[in-house]
Amino acid sequence: MDEAEDGTLSWLVSVPEFPEITTFGETKEEACQSGLKAIEEAIAARIADGEAIPAPHHEPSGHGYPVQLPALIFLKALLYMLAKSKGVTRAELSRRLGWHREQVDRLFRLDHKSQLDQLEAAFEALGVPLAFDISFPEAA
């Protein structure tokens, strides 16, 4: 927390994995929302620029608050990094899927609400079937 010249307090947000991010909020909740929005924008910018996206941390680092990305943004970032790590271009992914290039481009746009079946097909085309590791509860 930082104190401004007028005596008001604000919450400063920085993200070590994204050095380009510095934002704030007047409350902890506002700061977390501002930080999440900034992370989403940083991921979108890195995808647009062909840069790497850092892997998420699953354990808190002890000096901050964890951020939960929306599932769709997480999946799009993961798809981007998998394609990048395998050297699969969007054009190649388009060929593998038999889709128009614009359909594939939408998979990497964070502002587009891609359908889960489209993402599943794209992961499958990269040789990494989409899987979830959540236990299904027993019937009551």
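Start at isoleucine 43: beyond its neighbours within four places in sequence, it is in contact (heavy atoms within 4.5 Å) with Phe18, Ile53, Leu69, Ile73, Ala77 and Leu110. Bear in mind that this is a predicted model, where local features need pLDDT of at least 70, side-chain atom pairs count only at pLDDT 80 or more, and totals for chains, interfaces and linings use all residues. Residues are numbered from 1 along each chain as its sequence is written, and side-chain values use heavy atoms, with hydrogens and water left out.

Ile43 also turns up in the largest nonpolar core, a set of 31 residues in which Phe18, Ile43, Leu79, Leu93 and Phe108 touch the most other members. Such a core joins buried Ala, Val, Leu, Ile, Met, Phe, Trp, Tyr and Cys residues through side-chain atoms within 4.5 Å; buried means under 20% relative accessible area and exposed over 50%, with a 1.4 Å probe and protein chains only. Two or more residues each come from β3 (18-25), α1 (28-49), α2, α3, α4 and α5. The top contributor is α2, with 7 residues.

Now look at α5, where Leu119, Ala122, Phe123 and Ala125 are buried. Down the helix axis, the buried residues fall within an arc of 160° (taken from the axis to the C-beta atoms), so they line one face of α5. They pack against α2 (71-86), α3 (90-97) and α4 (101-107). Helices here are DSSP runs of H or I with at least four residues, and strands are E runs of at least two, numbered from the N terminus.

After α5 comes glycine 127, with a positive phi near 80°. Phenylalanine 132, in the segment after α5 (116-125), is exposed, at 57% relative accessible area.
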